[in-house]
Amino acid sequence: MAQFQEVMRQQLESAMHAELEKLVGTAKGAKAEVSKKDFEGFRKLFHRFLQVKGPSVEWSKINRPPEDSIQPYDKIKAKGLPDYIADSLNKLVVVKLNGGLGTSMGCKGPKSLISVRNENTFLDLTVQQIEHLNKTYNADVPLVLMNSFNTDEDTKKILQKYTHHRVKIHTFNQSRYPRINKESLLPVAKDMAMTGENADVWYPPGHGDIYASFNNSGLLEQLIAEGKEYIFVSNIDNLGATVDLYILNHLVSQPNGKRCEFIMEVTDKTRADVKGGTLIQYDGKLRLLEIAQVPKAHVDEFKSVTKFKIFNTNNLWISLSAIKRLQEQNAMDMEIIVNPKTLDGGLNVIQLETAVGAAIKCFDNALGINVPRSRFLPVKTTSDLLLVMSNLYSLDAGSLTMSERREFPTTPHVKLGSSFTKVQEYLTRFESIPDMLELDHLTVSGDVTFGKHVSLKGTVIIIANHGDRIDIPAGSMLENKIVSGNLRILDH
């Protein structure tokens with residue numbers, strides 16, 4: 001049986017190899033070279049995919065991480081800062097993951113170009129933050145954007161507007177991998193074109209691809225030559241992911257033999273975060289455990305807030321020389337995420353992906369730091385957008401911080417219904433963003449609009465039934481109210 005399976009695997013690999021060769025043959029010049037490098041990575045991933053049997057973790061071998069492997073942020077902060085912060089900053093590069101589109105929020109083009117606050121986009125805020133650092137400390141922290149073939153062209157056009165800012169901006173592209181037919185396990189693409197019938201046969205293979213594509217681009221080598229030592233990687237839509245000088249100081253002040261090569265910022269899990277990846281001890285190494293790796297029988301246990309208390313924010317600090325070493329040794333080992341999709345024509349395909357944090361087990365002296373929740377402020381939906389556009393946050397030099405006028409530091413729970421999903425629709429429903437300083441919980445469902453200067457406090461639930469419309473009048477103050485159907489206002 002094992003011998004038969006091995007023969008089948010070899011046949012599948014040969015067939016895949018032949019198909020990839022055919023595809024590369026349809027590309028020309030420099031594009032053919034890029035595709036060759038991309039496909040080399042894909043081939044390795046496909047080879048590993050065929051080897052994998054069952055879940056990638058044995059549940060009984062999972063242990064809680066040792067006490068000292070996840071440090072509280074306060075302990076890192078207590079060390080203080082050196083006199084010359086510029087020396088540390090000059091060793092740093094900020095990398096933002098910029099491969100995603102704004103489609104889930106009803107927007108065309110890169111998600112990073114959506115306006116989130118005072119007409120500033122995610123990218124504007126990022127540039128402002130880094131420019132502020134460079135000016136304040138007379139430092140040279142560059143910004144690197146990891147684009148995908150979906151976002152590269154539009155992003156490059158917009159970068160011209162930052163030419164006179166005090167930030168050097170570099171870009172490199174994630175790989176382009178072929179989606180594979182779920183039945184035949186062969187690429188759906190017939191040539192390297194990206195339009196027409198080939199429009200949806202390619203995909204960017206998850207942010208775990210950063211290591212290979214960064215290395216392939218030549219940028220990794222260039223930055224090392226410029227004296228850079230660490231990258232701070234985060235999702236561009238996480239507005240809490242600013243450069244933290246205390247974490248940076250912790251990294252650069254380690255003795256040489258004990259240099260920490262990888263820091264993952266984690267934060268305490270709430271019921272809203274039950275699907276987030278967590279850190280475990282496995283085979284003597286710190287390791288990221290994602291929900292996709294958990295055997296079905298243990299999913300509820302994984303989601304428990306009592307057993308797994310923290311989750312990965314995807315704010316990561318990684319040594320450049322360690323990435324180079326692991327790439328050269330072909331030792332970057334990340335679990336494969338098999339992502340099933342259905343194309344428009346109904347064809348079932350799979351795409352093989354990896355996650356950047358999964359490589360933590362490959363690096364020496366890796367560490368988790370339990371950071372305040374304020375460092376995790378992702379904008380995935382218009383509900384998140386409402387929070388960051390409101391007076392709950394104040395904006396200073398590109399950074400959002402919770403307003404001092406809010407008496408407790410927790411973020412309100414906001415749930416806007418399907419009429420608010422798309423950014424354009426959402427914007428037309430608010431004449432101005434309500435005062436939310438004293439809000440705990442907001443649920444809005446159905447055809448609802450808000451007049452100017454509305455104030456929301458405590459728990460507010462507004463539900464317009466199908467066919468009804470609710471207009472919250474200008475200047476209204478709703479505190480612990482349920483508003484339903486025909487705008488009756490009831491005490492809650």
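Is E131 buried or exposed in this structure? E131 is buried, with a relative accessible area of 12%; the word buried stands for under 20% relative accessible area, exposed for over 50%, and partly exposed for the range in between, with a 1.4 Å probe and protein chains only.

Before I continue, a note on the basis of this talk. The model is a predicted one, in which local features need pLDDT of at least 70 and side-chain atom pairs count only at pLDDT 80 or more, while totals for chains, interfaces and linings use all residues. Residues are numbered from 1 along each chain as its sequence is written, and side-chain values use heavy atoms, with hydrogens and water left out.

Let me stay with E131, which belongs to helix 5. Helices here are DSSP runs of H or I with at least four residues, strands are runs of E with at least two, and both are numbered from the N terminus. Helix 5 covers residues 122-137, 16 residues in total, and spans 23 Å from its first C-alpha to its last, close to the 22 Å expected at 1.5 Å a residue. That expected span is 1.5 Å times one less than the number of residues. Among the buried residues of this helix are F122, L125, I130, E131 and N134. In general, an α-helix has 3.6 residues a turn, so residues three or four places apart point the same way. Just after helix 5, N138 adopts a positive phi of about 50°.

Contact, in what follows, means heavy atoms within 4.5 Å. Apart from neighbours within four places in sequence, E131 is in contact with H165, R166 and V167. From E131 to F302 the distance is 40 Å, C-alpha to C-alpha, and the two are 171 residues apart in sequence.

I turn now to the annotated positions.

H207 sits in the loop between strand 9 (202-203) and helix 7 (210-216). H207 is partly exposed, at a relative accessible area of 27%. Beyond four places in sequence, the residues that H207 touches include M146, Q174, N235 and N314. With N314 there is a polar contact between the two side chains, at 3.4 Å. A polar contact is a pair of N or O atoms within 3.5 Å; within protein, one must be able to donate a hydrogen and the other to accept it, and residues adjacent in sequence count only if both atoms are side-chain atoms.

Q174 occupies the loop between strand 6 (169-173) and strand 7 (177-178). Q174 counts as buried, at 10% relative accessibility, and among the residues it touches are G206, H207 and D209. K111, in the loop between strand 2 (92-98) and strand 3 (115-117), is likewise buried, at 9% relative accessibility. The contacts of K111 include F122, D237 and K380.

What covers the faces of strand 10? Y230, F232 and S234 lie on one side and I231, V233 and N235 on the other, and all are buried. Six of the six residues of strand 10 (residues 230-235) are buried, so this strand is largely enclosed by the rest of the structure. Two strands pair if DSSP finds at least two bridges between them. Strand 10 pairs with strand 2 in the parallel sense over six bridges, with K96 opposite S234. Strand 10 also pairs with strand 14 (residues 310-319), here antiparallel over four bridges, and V233 stands opposite L316.

Finally, E265 in strand 11 (residues 262-268) is buried, with a relative accessible area of 0%. The side chains of E265 and W317 are joined by a polar contact of 2.8 Å. E265 also touches, among others, F232, N314 and R375.
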